Amino acid sequence: MNQFIYSNPFIECTARDMSYEEVLKYWCSPFKYFKLDERSLFNSLTPIFIQGARGSGKTMILKYLSYFCQKELAQKAGEKDILQYFRQAGSIGFYFRYKEDFGRLFETITCSTSTKKDLFLYYYELYITREILYVLNDMYKSYYLNETVSNSLTTKISEILALSSPSFEDLLEELNRKISKIDDWVKKCRYFSNAEEMLKKLMTNNDLIKKICNSIRTTVTDLDNIKFMIIIDEYENAFDYQLLINTLIKQVDSTDSITYRIGLRPGGLYTYNTNIGREFLQLDRDYIQKNLRFDTIHSYKKFIQEVANRRLETVKEFRENDFIDIKVILGDRENLESEAKEIVRNDPEKHFDKLKIKYKDCNDFNYAKETLKYPNNPLIEMLNIIWVLRGIPIEQTVSSMNLYLKGEYSKNSPEAMKKLAYKYKRDYVDKYKYQLITILANIYKTNKKYYSFNTFAFLSSQTINDFISLCRNTFYCLDETFYNDLFINKNDFVKNKVIPIRAQCKGATQTAIEQVEKVKLCNENGTEMYTFLINVGNLFQEMHQDISAKYPETNQFAFENEAQIESRPLLKNILNNLIKWGVIFKKERPQSISIGRKKGNLFHLNRIFCPYFNISYRTRGGYNFVIETLLFENMLNNSMEASDVKNWQEILPKKKEWMQQQLFEGDLEGE
Amino acid sequence: MNKLYEMYEVDDRIYKKLVELDYFFFAASCAKRCYKGVEFLTQQQGFLKDVVVFDYHKFRPKEFNTDRGEYESYYKYRKLKRITEVQCRNEDDAVLHLNTMPINTGSRVGLDITALSIPDLFRIIYVLKEIKKVEDIHIFYTEPKHYYFKDGLFSSYEFLVGERKNKPIPEYFTSGREDKEILVLFLGFDRVVSKYVHDRVMPTDVVAVNGFPSYMPKLKDISLINNYELLSTIGKEKIVSTKANNPFSTYNTLCEIKAIYKDYLLNICVLGTKPMALGACLFSIDNKDSVKVTYPYPKEYNISGLEEGASLLYYKI
């Protein structure tokens, strides 16, 4: 087997598993794309929350802000006085990530709520202290701190920690032992009768971070004016205990010079409450929020191209064979016309059978078929069929087509046919082209193909990790023959270095299947979210296959009464989880919820699911499906036929009648 | 590494090698194989003194399945003589009961792990080894003859149904010395679960362990196929094999992984067989400071499999 097959540059290597060196190796500055001010990320005393969906690049940014990354950068830039470098930047960052299992641990501990809170906070103090000590140890080993300063600092920190360690390394060792003791208590607490008392004896110190930061400032002259930036990633994993950290964030002031950078998912801030009376966290007062959203698809595409190309360059064979531009490798855009030709290749007239709905007589049908034919482009043929089925005479349809093809159309032309040709052009180019291919694919019992850089960019919905997954699964579909043809035989068909559509499509479908399946497993309403996803996906799929193309490319929805959903805790919670876990996306600005309707929030499925349902990844205005609260509830709990969802208004009275009947019969049985 | 061990397939001849037991624990289950061990051992006169059954309510058959023989199969334990029932409504009930029992270092304790869930297996052994300090535990395990596949072999094995909550098993929580964490994932058949765990744990690195040889040769391939999502993400270099029915092999595999990933906290998650879980459990107890154990706790278990048993295995740990 060809060795190249195994060099998949998109194998998992996300920011979370990257070392600080790797972060820099793969670093593509996202600041300009997200409109983030790099300077204020370093020197703002007001805490900054960086909010972004899974895989949007939060961890990469947070790790980049940390001491270890900045130190590497400073060294690479030939900076001699590293402490001065940090002084100029304004802060030193200590990176810490809340792991999900740590947050969940507190559900399993059997003790009072207040003890749990104390324990959570104590762990926080110990973990951050350890990160600070790692940094100090590194500074010492790198000779940024001289012997006298480090001795003085270790003495002070030893006192704070109630330890007697002569060096940072010993301090770390002792601190790890402290942590181990607490871990031991966690393991055994349910088996002791006096567990809480035992824990109190173990938690001897408090305010460690504040005291240590203060001692650093007073001992290390170069750092006397610096901010200590505590970087907490995956803040959502602190669950209910966010309240405790919120309190620290609320208390930020210039006296301590401790500030925070918090990474979290949308909806990941579970509470704004703090431990200080009735005070709560206030946006733009206690913290600034930055959302990781690209302004335009164009800037997102530029960024992912840079990220993907950097990965491609890491593979020697790709580098040597100039196989390093993802835009070239995937092809810039899809070609719907050639895709359509491919669909009808073995039976070029099958789609005309749809005309039999209108023309029962064989001669009429044959006339219509022959007249509407345009073998060069089956999509045009499909549009002709739709026009005729909608009642536009065959001759007018064909004339419009011909005028459009000749470019003789105008919106304001005095000639009626040219006006109609303009409508034809609008229908084909602007309105229905995508829908036509899904209709065609459905007639030929095949699937719409998902391929090209542009398509993958849309499918990944601004989630860089999802773009990487699409590429990874595509690269897995490449076989020995492809690589041989590309690198050794240098065959003609791969000379332009585009991965076959078949492989790209398989990769996209595999990614979609994987993502759909994962929704089901999610512990926060996974079952309901999965059921809703399938119901909405099936609905849109059916609408995409509608031969009358009444609502082309419908893939957005809204709620008839969002306020009602908000007032019902269970529904509200599921809706929040749907957004939090990236199953659906909410549009940033309110719009008309459908044609001629009130303003409200619009939602769409994560586009990564599109290949699963064979629906469009593009967003089109106009008609959107509006979901009533009762329907929403049903869609969460029942696998529904797409037609039942679509015709909910019609089946609702019958359903209510049936429910009442069941209730009545139940009563009788009860009697 | 390469610890000496005792492992037999139990039959009429072999059982004579075994010591009589002061306590014998097992769990009730719908699966027929789960009673094979206790039935065999109770037939041997005076071999078991105190027999305790954990009746985990989470494994009880569903009300609407009364006609499928699952009730009869589950409550078979009631036909056994001189048996203590422990009703386990909550997660902690079994281990808390165990903690109150007068078991000591010298007690001869037997445990049938066949019907225990993986977290329960870890927890019970923790109490016996770490709280009660029992020196030797005599483990019994009945291998399955078949697995329950809903719609064919290649995508539909579902033992744990639907939503999962990834949590540490509390007795095995460890902070670790550094942020570096390697997820050691023992593969099972449940589709996409391994990928889900990987996504939730978000480790620094990952090793997937596949059981081989398995009870049926094809199962090793099925587990690879059903874990495609994870394996394609991490790359084939991160897959290792271990013997599926030998806990000592698992133990050694973990020793090898630990030797490679010296500074890492090992996050062990077993989705594979019970013997694998047993090996992982022993390793975790021996390496407390560098191992934590997590598990994707399901919302519910699929208890519809009336699995029959093949051979009854014995391990002394």
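Student: What makes helix α28 of chain A, residues 569–580, a helix that lies across strands?

Tutor: In this predicted model, α28(A) lies across β6, β7 and β10 of chain A. Contact asks for heavy atoms within 4.5 Å, and α28(A) runs at about 95° to β7(A).

Student: Which sheet do those strands belong to, and what is its order?

Tutor: They belong to an open sheet of four strands in chain A, with the order β7-β10-β6-β11 and mixed pairing.

Student: Why are β7 and β11 of chain A called edge strands?

Tutor: β7 (584–586) and β11 (625–627) of chain A each pair on one side only. From one strand to the next, the twist averages 35°.

Student: How do you know that β6 and β10 of chain A count as a pair?

Tutor: Pairing requires at least two bridges. Strand β6 (residues 556–559) and strand β10 (residues 603–605) of chain A have two bridges, in the antiparallel sense, so they meet the criterion. Within this part of the sheet, A:Gln556 stands opposite A:His604 in β10(A).

Student: Which strands does helix α30 of chain A lie across?

Tutor: Helix α30 (residues 629–637) lies across β6 and β11 of chain A, and its direction is about 90° to that of β11(A).

Student: Let's turn to the other sheet of chain A. What is the order of its five strands, and is the pairing parallel or antiparallel?

Tutor: The order is β2-β3-β4-β1-β5 in chain A, an open sheet with parallel pairing. Its edge strands are β2 (91–97) and β5 (288–291) of chain A, each pairing on one side only. The twist here averages 20° from one strand to the next.

Student: What makes β3 and β4 of chain A a pair?

Tutor: The threshold is at least two bridges, and five bridges join strand β3 (residues 227–233) to strand β4 (residues 258–264) of chain A, so the pair qualifies. One example is A:Phe228, whose bridge partner in β4(A) is A:Ile258. Helix α4 (residues 58–65) of chain A packs on this sheet, touching β1 (48–51), β2, β3 and β4, with its direction at about 155° to that of β3(A).

Student: Why are the buried residues of α9(A) said to line one face of the helix?

Tutor: The buried residues are A:Ser150, A:Leu153, A:Thr154, A:Ile157, A:Ser158, A:Ile160 and A:Leu161. Seen down the axis of α9(A), they fall within an arc of 155°, so they line one face. The face turned away from that buried side carries the exposed residues A:Thr148 and A:Glu159. Among what covers the buried residues are α8 (113–141), α10 (168–188) and α12 (208–219) of chain A.

Student: Why is A:Asp207 called partly exposed?

Tutor: Buried means under 20% relative accessible area and exposed means over 50%. A:Asp207 has 38%, so it falls in between. This residue sits in the loop between α11 (195–202) and α12 of chain A, and has a positive phi of about 55° although it is not a glycine.

Student: And is A:Gln462 buried or exposed?

Tutor: A:Gln462 is buried: its relative accessible area is 13%, against a limit of under 20%. Its phi is also positive, near 65°, in a residue other than glycine. The loop that holds A:Gln462 runs between α22 (453–459) and α23 (464–476) of chain A.

Student: Now chain B. What makes strand β2 of chain B largely enclosed?

Tutor: Seven of the seven residues of β2(B), residues 21–27, are buried, so the rest of the structure largely encloses the strand. β2(B) runs parallel to strand β3 (residues 48–56) of chain B, joined by six bridges, and B:Phe24 stands opposite B:Val51 in β3(B).

Student: How many residues of α4(B) are buried?

Tutor: 13 of its 14 residues are buried, and α4(B) is mostly covered. Helix α4(B), residues 118–131, reaches 19 Å from its first C-alpha to its last, close to the 20 Å expected.

Definitions and conventions
Residues numbered from 1 in each chain as written. Chains lettered and ligands numbered in written order. Predicted model: local features only at pLDDT ≥ 70, side-chain atom pairs only at ≥ 80, totals over all residues. Heavy atoms only, no water. Buried < 20%, exposed > 50% of the residue type's maximum accessible area, 1.4 Å probe, protein only. Arc of directions from axis to C-beta. Axes fitted to C-alpha atoms, helices over the stretch in contact; angles between N-to-C directions. Expected span 1.5 Å × (residues − 1).
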